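Reader: Could you take a close look at one chain of this model for me, and walk me through how it is put together?

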Amino acid sequence: MADRPTGEPGNLSPGPGADQREVRISVRELVKRFCDAEGNEVTVLDGVDFDVYQGETIVVMGGSGCGKSTLLNCLIGEYVPDGGSICYKTSDMDAPVDIARMAEHELNEVRKKFGILFQSGALFNSMSLAENIALPLREHSYVDPSVIDIVVTLKLQQVRMLEHRDKMPSQLSGGQKKRAGLARATALDPEILFYDEPSAGLDPVTSAAIDELMMNLSKMLSVTSVVVTHEMDSAFRIADRMVMLDRGRVLKIGPRSEFEALRDADPASLSNDADRLMNQFLNGHSEGPLTDEAGMSEFEKLIVRG
Amino acid sequence: MSLTSPGSEPVVGGRSRQWVERVGQGVLDAGRFVRNSIGQFGGLSYLLADAVRWTLRGLFVPKVKLGRRSVAAQMVRVGVRAIPIICLVQVFIGVILALSMAPTLEMYGQVDTVAVIVGIAVFRELGPLISAIVLSGFAGASIAAEIGSMVEAEEIKALRAHALNPIHFLVVPRYLATVLMLTGLAVIADVMGVGGGMFTAVYVLGVDPTTYLQLTQDALTNKDFLTGLIKAAVFGLLIAMLACYEGLNVSGGAEGVGRATTGTVVKSIVALIATDCIFTVIFYVYEI
């Protein structure tokens, strides 16, 4: 990872068309580039702009290779952006902070304010479930072990995993690992929760149960949630607002109802290619990038090729 | 770009051009190897500096925990479980040394001095070196595989996401445990090596046990013992750093973990012998 520059206050001006709720995360002109095997520079995020408001669940979706995971990695401070800003404002902050310009130790203070559920659960395999949840509490607080034990019990109850507290991660199913990961993500009572493909690899019933759990936790803990997924059913169940990414750019952002209308619309009635493509994607008919490098859509390519 | 067509002689320049291209490719490969080696050395140095910085912070900054429980757990894993293997190997080393030197010493009627040779060789060189080589396969490979698997399972990412530094949390306990335990293991190795030599001298070569112990005691100085311990500590640091570095840089799934494990053992053995050579030269030049 590249060295981080020294921190400085960020700018949290609401984007165009923003509503009156408090902005928790503001992403502006975010750019991230990587080098491929031949040493050529590839721009994965190319000027991404969006805001995340207090208490909402925003779902970031898009086809394979659209930059969803890179965006999440930038949001959690795993990648240092090549351009743009990611400003956070939590309840105890006097001013927003731009994590793209923060030193690692400053970033760690911000990281304590958010929790992350990884795609695989990412539980520490050498520790029991209870130890996994206790770890952030043990490392970041000086509270008595008996208090930590009570918090662990509470967190396990929240995800309905109390009976598994002494099990090792290898003894848990995929769905149980995700629930346990969620319990660990909420251990420090975060204000923002990030979810990386929460329903990936799960059967529809378990996936629906995880979605319900996420929604309950959001209400119960009043957290702001950012969910990265390409599972459409799950996305429509949990989202308040949705962001559609394509080739590293925001193709569309809006409330769930707008995306539902787009999904349910008759493709013939849609006026532009972008809407028709998103209609296809939201109905599960398209997986990869929605446009090619020249910005040409599948429809345009079909027309060109006859 | 090659100016040849498949199955034919080069269009321009013929064989001499092919030869020049091969030489050019060889130079490029050598350049890449040097660049990668410098990169790895830089990465290792950075890892070491960071690990030492976190250790000092753990010792002197009240808010930073050193993780004593974790160090103790690693000491058991790295060192305690290696004791039987190291004892066995060192006894064999003592036996081999005694039997190898015996015919030559018998020629000069100096078979008793096998005690001196075994003592000095084990205390100064073979105790720490053989223990380190055993530990590189025993603990180094295990550390690299463990950390590599954690990288693949996103556990390292999860640590960072919870504001926990992987170097502080994973590397520091492992390197401290390896350094402390290898130093301790070297002492055990010294005793077992001398024991193996003595067993052979007494029961095969007919040396009196009291004479053997007296000669060993007379031949060895504190300097011999301490130089062995210094070597062992440095070897422990080398093994742990190489293992952690290889583990943290794993990519490519299970295959990558396998590569890191093999890489750790091979690089550790080369690094251990090279470092031992440097130590021996320094000790020889400065008469330590």
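Author: In chain B, 84% of the contacts with a separation of 6 or more are made by residues 24 or more positions apart. Please keep in mind that this is a predicted model. The secondary structure of chain B consists of nine helices and zero strands.

Now to overall dimensions. Chain B has a radius of gyration of 24 Å, while a compact globule of 288 residues would have one near 19 Å. Along the principal axes, the box filled by the C-alpha atoms of chain B is roughly 80 × 65 × 35 Å. As for burial, 40% of the 288 residues of chain B count as buried, the cut-off being 20 or more other C-beta atoms within 10 Å of a residue's own.

Chain B also has a partner. Its contacts with chain A involve 10 residues of chain B and 14 residues of chain A. On the chain B side, the touching residues comprise five nonpolar, four charged and one polar.

Helix α3 of chain A spans residues 129-140, and its buried residues are A:Leu129, A:Ala130, A:Asn132, A:Ile133, A:Ala134, A:Leu135, A:Pro136 and A:Leu137. Among the elements covering these buried residues of α3(A) are α4 (145-158) and α5 (174-185) of chain A.

Definitions and conventions:
Residues are numbered from 1 along each chain as its sequence is written. Chains are lettered from A and ligands numbered from 1 in the order in which they are written. This is a predicted model: local features need pLDDT of at least 70, side-chain atom pairs count only at pLDDT 80 or more; totals for chains, interfaces and linings use all residues. Two residues are in contact if their C-beta atoms, placed from the backbone, lie within 7 Å. Ala, Val, Leu, Ile, Met, Phe, Trp, Tyr, Cys and Pro count as nonpolar, Asp, Glu, Lys and Arg as charged, and the others, Gly among them, as polar. Helices (H or I, at least four residues) and strands (E, at least two) are DSSP runs, numbered from the N terminus. The radius of gyration is taken over C-alpha atoms; the globule rule is 2.2 Å times the number of residues to the power 0.38. A residue is buried if 20 or more other C-beta atoms lie within 10 Å of its own, exposed if 12 or fewer, and partly exposed in between; C-beta atoms are placed from the backbone.
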